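The following exercises are to be worked with the sequence and the coordinates at hand.

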Amino acid sequence: MSATINDSHEREDEVGEARRRAALVGAVAGLGLVPWFLLIEPLAGLRTLQPEVEAPVQDAVDFYGDNFTQIPLNTTLFIGQWVIMLVLLVAVVRAACRRLDLAAILAVTLAGAATAIYVTGEGVRVWPVLAFDMNVGKLRDSLDPGVAHAVVFSRDGLHAAAAVLLGVSVLVIAWLLARSDLWGHWAMSVLAVVAGTFAVSSVLVGPEGFGPGLILALWGPLVAVLLLVGRWRARPRSTVR
């Protein structure tokens, strides 16, 4: 009997340590989102904005020509942002859950699917630059305007689908946080509801609204601070034990 009790205590200790490590990883990812998000524009900001849907298709070719050198780095940084966001969401799920039940698996799966679609959208946008051997003159002469127009707006369509998946994932995480024993879990849950709702509704309001990247870049640091405070408050209890 005592061996069984000891095994149970050891498993509890292992789970607790795994959750504390996840909280630290989530805090680092959440705090890293803000500087990463703010660095994209100065490091790889586009010279000209994406053309409107009703603009002449030739404008899409000009968009690629004007931003030829910026698009690869811009794409790389945005992919990095989505990966950091995925790490944050997975870490929050692990920190919130003593055991990984169906809701936790669903949240992680949706977050992973959203990240994959976001990355695909970035890859679609950068394809014309890579297809023409990084030669801007070759691109301007050979890229079909209709193809360029379709590629530019395919990214928006993929991001719209990903925003829905990401928003639903964050809403599920909000529920996981609400039933968690983490310090500040109710505050994190409310923040997740707001972030998830904005992510889903960004599809309805279009590109002019708040995208999920901006919302979660604000949500991440707030959750990171709460995770760090909770981890610090739990340290004396774990030390005494």
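A residue is called buried under 20% relative accessible area, exposed over 50%, and partly exposed in between, with a 1.4 Å probe and protein chains only as cover. By this criterion, 42% of the 241 residues of the protein count as buried. The model is predicted, so local features need pLDDT of at least 70 and side-chain atom pairs count only at pLDDT 80 or more, whereas totals for chains, interfaces and linings use all residues. Residues are numbered from 1 along each chain as its sequence is written, and side-chain values use heavy atoms, with hydrogens and water left out.

**Exercise 1. Overall architecture**

Task: Determine how many helices and strands the protein has, and what share of its contacts joins residues at least 24 apart.

Solution: 
Step 1. Helices (H or I, at least four residues) and strands (E, at least two) are taken as DSSP runs and numbered from the N terminus. The count is 8 helices and 0 strands, and the order of elements from the N terminus is α-α-α-α-α-α-α-α.
Step 2. A contact requires heavy atoms within 4.5 Å. Among contacts between residues at least 6 apart in sequence, 81% join residues at least 24 apart.
Step 3. Accessible areas follow the Shrake-Rupley method with a 1.4 Å probe, and for residues only the protein chains shown count as cover. The protein exposes about 12,400 Å², of which carbon and sulfur atoms supply 68%.

**Exercise 2. A helix crossing**

Solution: 

**Exercise 3. Salt bridges**

Task: Find how many salt bridges the whole structure holds, and which arginine side chains pair with Asp181.

Solution: 
Step 1. A salt bridge is a side-chain nitrogen of Lys or Arg within 4 Å of a carboxyl oxygen of Asp or Glu. The search finds 9 salt bridges.
Step 2. Asp181 meets Arg19 at 2.6 Å, N to O. Asp181 lies in the loop between H6 and H7 and Arg19 in helix H1, so the pair ties together parts that are 162 residues apart in sequence. Arg19 is buried at 9% relative accessibility, while Asp181 is partly exposed at 44%.
Step 3. Asp181 also forms a salt bridge with Arg98, with the closest N and O atoms 2.8 Å apart. Arg98 belongs to the loop between helix H3 (70-96) and helix H4 (102-131), and this pair is 83 residues apart. Arg98 is partly exposed, at 49% relative accessibility.
Step 4. A further bridge joins Asp66 and Arg140 at 3.0 Å, N to O. Asp66 is in helix H2 and Arg140 in helix H5 (residues 136-142), 74 residues apart. Both are partly exposed: Asp66 has a relative accessible area of 28%, and Arg140 one of 35%.
Step 5. Glu17, Arg20 and Arg21 are linked in a network of salt bridges.

**Exercise 4. Surface patch and buried site**

Task: Identify which residues form the nonpolar patch on the surface, and decide whether Ser189 is buried or exposed.

Solution: 
Step 1. Patches consist of residues with over 30% relative accessible area and no salt bridge, like charges being joined within 9 Å and nonpolar side chains (Val, Leu, Ile, Met, Phe, Trp, Tyr) within 5 Å. Leu24, Val28, Leu31, Val225 and Leu228 form the nonpolar patch, with about 390 Å² of accessible area together.
Step 2. Helix H1 (2-44) and helix H8 (212-240) each supply at least two of its residues; H1 gives the most, with 3 residues. Val225, in H8, is partly exposed with a relative accessible area of 44%.
Step 3. Ser189, in helix H7 (residues 185-205), is buried, with a relative accessible area of 6%. Not counting residues up to four places away in sequence, Ser189 touches Ala174, Leu177 and Ala178.
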